[in-house]
Amino acid sequence: MSEKEQYKQEANEVAQSYNAFGKAYHESRTGKGRLFNEYLEVPATLALLNEDLAGKTLLDAGCGSGIYATRLAQRGARVIGIDISETMINIAKNEKPAELDITYHLGNLYETHLSENSIDYIICNYVLENIHNLSAVFNEYYRILKPQGECLFSISHPLRAHAIKESKNNIDTWILENYYDKGERISDLGEGLKVKKYKRTISDYLNAGMTSGFLINHFAEPQPIPEGKVSDANAYEMAMRLPQLLLVKMIKL
Ligand SMILES: C[S@@+](CC[C@H](N)C(=O)[O-])C[C@H]1O[C@@H](n2cnc3c(N)ncnc32)[C@H](O)[C@@H]1O
């Protein structure tokens, strides 16, 4: 099988999972909100981007139902959202406020079809664990970014992603048996839905970014904002003790 065919097959598998999960995912994000997203990852990510993005072109890579795309278009950016899941893209299109400059495309991040040096910012939140060949996607991000352009990505913290959740004396904890295991993991999306993810260490992510030519400019392991305590007290308490998210900003030199 050629590389291109592999990327297609992998993306189709991911798309099937998110097609089944899309509606429930969007509802959970826009209803009460999720501790790890709305009260942790979203505020930490938005804080790293300028309040005024007028005149900037931003790619929301793996945009899902367009939650970030909307927030960043509201800051004035011209946003392009790409996602492999038809359900996610359709929700994003239906939810798009008419006045915002957002274009959504069904597509694979291995091959964005965007022009070289055309994008000011890329955000890629909770997507890269679905990607088998990280370097191929980082090379594509490097190609389409303008010089000095920024790529911001977040993933489940590998210390969490490689561990098993256990309750010890009624306290949730993560048992880490093998941090260096490079295998696949099946992530439970809830309601019987599952998606395949690839395990990598923190250095795998950073080295792949640097090998593609990026400068690592910011590295964060944020805790939730205080409002999260009201939303989900148990998850909040755990996220105050154990790292849930890795957030990285890379700059194209
Ligand atoms: C957990 S969701 C995150 C959505 C969005 N980034 C957010 O934070 O709200 C992951 C998304 O990545 C998309 N995705 C995964 N692999 C992809 C690929 N190779 N190309 C395009 N989209 C992909 C999935 O379809 C899914 O919508």
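Me: In which loop is the place of Tyr179?
Reply: First, the ground rules. This is a predicted model: local features need pLDDT of at least 70, side-chain atom pairs count only at pLDDT 80 or more, and totals for chains, interfaces and linings use all residues. Residues are numbered from 1 along each chain as its sequence is written. Helices (H or I, at least four residues) and strands (E, at least two) are DSSP runs, numbered from the N terminus, and Tyr179 sits in the loop between strand 7 (171-176) and strand 8 (184-190).

Me: Is Tyr179 buried, exposed or partly exposed?
Reply: A residue is buried if 20 or more other C-beta atoms lie within 10 Å of its own, exposed if 12 or fewer, and partly exposed in between, with C-beta atoms placed from the backbone. Tyr179 has 13 other C-beta atoms within 10 Å, so it is partly exposed.

Me: Which residues does Tyr179 touch, not counting residues up to four places away in sequence?
Reply: Contact means that two C-beta atoms, placed from the backbone, lie within 7 Å. With those sequence neighbours left out, Tyr179 touches His162 and Thr201.

Me: In which sense do strand 4 (residues 119-125) and strand 5 pair?
Reply: Two strands pair if DSSP finds at least two bridges between them. Strand 4 and strand 5 have 6 bridges. Ile122 stands opposite Cys151 in strand 5, and Ile119 has Leu145 as its bridge partner there. The sense is parallel.

Me: What is the hand of the β-α-β unit of strand 4, helix 5 (residues 134-144) and strand 5?
Reply: Point the strands away from the viewer: a crossover is right-handed if the path from the first strand over the helix to the second runs clockwise. The unit made by strand 4, helix 5 and strand 5 is right-handed.

Me: Over how many bridges do strand 5 and strand 11 (residues 245-252) pair?
Reply: Glu150 stands opposite Ile251 in strand 11. Strand 5 and strand 11 pair in the antiparallel sense, and the bridges number 7.

Me: Which residue in strand 4 stands opposite Leu58?
Reply: Strand 4 is mostly covered, with 6 of its 7 residues buried. Strand 1 (residues 57-61) runs parallel to strand 4, joined by 3 bridges. Opposite Leu58 stands Tyr121.

Me: Against which elements do the buried residues of helix 2 (residues 35-46) pack?
Reply: Among the buried residues of helix 2 are Leu35, Phe36 and Tyr39. The buried residues pack against helix 1 (3-30), strand 4, strand 5, helix 8 (228-231), helix 9 (233-241) and strand 11.

Me: Which helix gives the most to the shell around the ligand?
Reply: Here 21 residues surround the ligand; near means a C-beta atom, placed from the backbone, within 6 Å. Helix 1, helix 3 (67-73) and strand 2 (78-83) each supply at least two residues of the shell. With 4 residues, the top contributor is helix 1.

Me: Is His113 buried or exposed?
Reply: His113 lies in the loop between strand 3 (102-106) and strand 4. Its phi is positive, about 65 degrees, although His113 is not a glycine. With 9 other C-beta atoms within 10 Å, His113 is exposed.
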